[in-house]
Amino acid sequence: LFSDDLIEPRVQELKDGPALSRENRLALDELLSRPGAGKAIISIKIWYGDTIVHSNYPDLIGKTFPPDHEREQAWQGRIAANIEMPKGAAHVHEAALGRPVLEVNAPIRERGTNRIIAVAETYEIAPALPAELKKAQLEAWTIIGLTAGLVWLLLFSIVRGGAQTIARQRNNLEAKIGELMGLLDEN
């Protein structure tokens, strides 16, 4: 949503080439300074191919870096996100924080088409996210465990009921055989 609503309108001129107007660069810079807009976002990079055409760190603008897996996924139209300790020349400012960040790479499409014209890479400090992920994972495993337990109980009751029915029918059959044997002896 951040990329679609706030970044995408300001980078539409990238459909014509790797340059942003001063007005759009200032508007992008303002995104991080606006209260609430990018609350936890600490860094934005706009990629045109393997070149950074905008960043809130001006020393990176115009530099080219080899592609990484997440950016490649974004160029293929998928949003790629991971929590990591940033490393590498393209991430020196984020690495200086010395803590894991949430990196999100999102494709930016030309308005009205499906053509990808840029990739927005954002970094968020998400201190609660690892704990939330562990909590969600624990909840998922709990649900899976409870479901498996219920299925096991259901199967157990079906098998037990079947075994009781077979035992009852066997007893009835043995009783009938006993009666027939008695009648046979009588005859």
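Me: Which residues does E110 touch, leaving out those up to four places away in sequence?
Reply: E110 touches Q12, K15, R115 and I117, where contact means heavy atoms within 4.5 Å. Bear in mind that this is a predicted model, where local features need pLDDT of at least 70 and side-chain atom pairs count only at pLDDT 80 or more, while totals for chains, interfaces and linings use all residues. Residues are numbered from 1 along each chain as its sequence is written, and side-chain values use heavy atoms, with hydrogens and water left out.

Me: OK, and where is E110 found?
Reply: E110 is in the loop between β4 (101–109) and β5. Helices (H or I, at least four residues) and strands (E, at least two) are DSSP runs, numbered from the N terminus.

Me: Does E110 count as buried or exposed?
Reply: E110 counts as buried because its relative accessibility is 18%. The cut-offs are under 20% relative accessible area for buried and over 50% for exposed, with partly exposed in between (1.4 Å probe, protein chains only).

Me: What joins the side chains of E110 and R115?
Reply: A polar contact of 2.8 Å. That term covers a pair of N or O atoms within 3.5 Å; within protein, one must be able to donate a hydrogen and the other to accept it, and residues adjacent in sequence count only if both atoms are side-chain atoms.

Me: Switching to the sheet: what's the strand order?
Reply: β2-β1-β5-β4-β3, an open sheet of five strands with antiparallel pairing. Two strands pair if DSSP finds at least two bridges between them.

Me: Why is one side of β2 and of β3 left without a neighbour?
Reply: β2 and β3 (80–84) are at the edges and have a single partner strand each, so one side of each has no neighbour in the sheet. On average, neighbouring strands are turned by 25° against each other, direction ignored. For angles, axes are lines fitted to C-alpha atoms, for helices over the stretch in contact, and values run from 0 to 180 degrees between N-to-C directions.

Me: How many bridges join β1 to β5?
Reply: Six, and those two strands run antiparallel; I41 stands opposite E124 in β5. β1 also pairs with β2 (residues 51–55) over four bridges, again antiparallel. There, Y48 faces T51 and I46 faces H54. The β1–β2 hairpin has two residues between the strands, and G49 takes a positive phi near 70°.

Me: And how much of β1 is buried?
Reply: Six of its eight residues, so β1 is mostly covered.

Me: Which residues of the largest nonpolar core touch the most other members?
Reply: I7, V11, L14, L28, I46 and I108, out of 15 residues. A nonpolar core is a set of buried Ala, Val, Leu, Ile, Met, Phe, Trp, Tyr and Cys residues joined through side-chain atoms within 4.5 Å. At least two residues come from each of α1 (2–7), α2 (22–33), β1 (41–48) and β5 (116–124). Another core, of seven residues, lies apart from it and includes W47, F65, A74 and A90.

Me: How many aromatic pairs are there?
Reply: Two. The W47 and F65 ring centres are 6.1 Å apart with planes at 75°, so that pair is edge-to-face. Rings of Phe, Tyr and Trp (its six-membered ring) pair if their centres lie within 6.5 Å, with planes under 30 degrees apart counted as stacked, over 60 as edge-to-face and the rest as tilted. W152 and F156 form a stacked pair, 5.4 Å centre to centre with 15° between the planes.

Me: Where do W152 and F156 lie?
Reply: Both are in helix α5 (residues 129–186), four residues apart, about one turn. W152 is exposed at 53%, and F156 is partly exposed at 44%.
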